[in-house]
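Please look over the sequence and the model shown below before reading on. The paragraphs that follow begin with the chain as a whole and then take up its parts and their contacts.

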Amino acid sequence: MNFPAESIPDGALYAPHHYLYALYLVLFVSARKWDIYPREEPVFVAGSALAGLFGWVHVWRYYPAPGAVLCLLGAVGVILGGVVTTRYGLRWRLSVVWTGLVALDDAVSHAFGVWTPLDWLWGVALAWGHRALAGVGPCLA
């Protein structure tokens, strides 16, 4: 088995990947908490998200194995940071851990080539949407 399974995720790094959107959301919720407690910002969470995004956007294309490892470590770091950071409340922690799991799902899918739960859900949604549009297609013409 090759690692990573895909030299470039889905052949397009900037295509809509739930890895990117999840970590962008982590950065957004971290930025909203940044100045609430002086000198106690969610640095580990934001740093892990930035490291993962850097691995995805800048490293994976040229060095697939280190890029995939950096993406996996970034997503795991976000999850661990969300678990151990208790200062910002349960809602913040749950949102960070949940979006970290969404990012990890996509990273595992592209790094190891395995079918993950969100890929299955996306496939079901696309199949349902295709069937629904196939039934109304002729009347739209």
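What pattern does the chain follow when it is read along the sequence? The pattern is α-α-α-α-α, and the secondary structure accordingly comes to five helices and zero strands. This is a predicted model, in which the C-alpha trace spans about 60 × 35 × 20 Å along its principal axes. Of the 141 residues of the chain, 36% count as buried, and among contacts between residues at least 6 apart in sequence, 67% join residues at least 24 apart.

Helix 1, residues 18-32, has 15 residues and reaches 21 Å from its first C-alpha to its last, close to the 21 Å expected at 1.5 Å a residue. Its buried residues are Tyr19, Leu20, Ala22, Leu23, Val26, Val29 and Ser30, and these pack against helix 2, helix 3 and helix 4. An α-helix has 3.6 residues a turn, so residues three or four places apart point the same way.

The contact of helix 1 with helix 2, residues 43-59, brings the two axes within 9 Å, and they cross at roughly 150 degrees. Because angles over 145 degrees count as roughly antiparallel, helix 1 and helix 2 are roughly antiparallel to each other, and helix 1 passes helix 2 in a left-handed crossing. On the side of helix 1 the contact is made by Tyr19, Leu20, Leu23, Tyr24, Val26, Leu27 and Ser30, while helix 2 contributes Val45, Ala46, Ala49, Leu50, Gly52, Leu53, Trp56 and Val57. By class, the residues of this contact divide into 13 nonpolar, two polar and no charged.

Helix 1 also packs with helix 4, at an angle of about 160 degrees and with the axes 8 Å apart, which makes helix 1 roughly antiparallel to helix 4 as well. The crossing of helix 1 and helix 4 is left-handed. Helix 1 takes part through residues including His18, Tyr19, Ala22 and Leu25, and helix 4 through residues including Trp92, Val96, Asp105 and Asp106. The residues of this contact divide into 11 nonpolar, four polar and two charged.

Helix 4 itself runs over residues 90-112, and at 1.5 Å a residue its 23 residues should span 33 Å; its end C-alpha atoms are 32 Å apart, which agrees. Just after helix 4, Gly113 takes a positive phi of about 70 degrees.

How do helix 2 and helix 3 pack, and at what angle? The angle is about 160 degrees, with the axes 7 Å apart, and helix 2 and helix 3 are therefore roughly antiparallel to each other. Their crossing is left-handed. From helix 2 the contact draws on residues including Phe44, Ser48, Ala49, Gly52 and Trp56, and from helix 3 on residues including Pro64, Gly67, Leu70, Cys71, Gly74 and Gly81. The contact of helix 2 with helix 3 has 13 nonpolar, eight polar and no charged residues.

The C-alpha atoms of Val69 and Pro4 are separated by 8.7 Å, although the two residues are 65 residues apart along the chain.

Key. Residues numbered from 1 in each chain as written. Predicted model: local features only at pLDDT ≥ 70, side-chain atom pairs only at ≥ 80, totals over all residues. Heavy atoms only, no water. Helix = DSSP H or I, 4+ residues; strand = E, 2+ residues; numbered from the N terminus. Expected span 1.5 Å × (residues − 1). Axes fitted to C-alpha atoms, helices over the stretch in contact; angles between N-to-C directions. Parallel < 35°, antiparallel > 145°, perpendicular 65-115°, else oblique. Left-handed = near helix turned anticlockwise from the far one by under 90°. Contact = heavy atoms within 4.5 Å. Nonpolar A, V, L, I, M, F, W, Y, C, P; charged D, E, K, R; others polar. Buried < 20%, exposed > 50% of the residue type's maximum accessible area, 1.4 Å probe, protein only.
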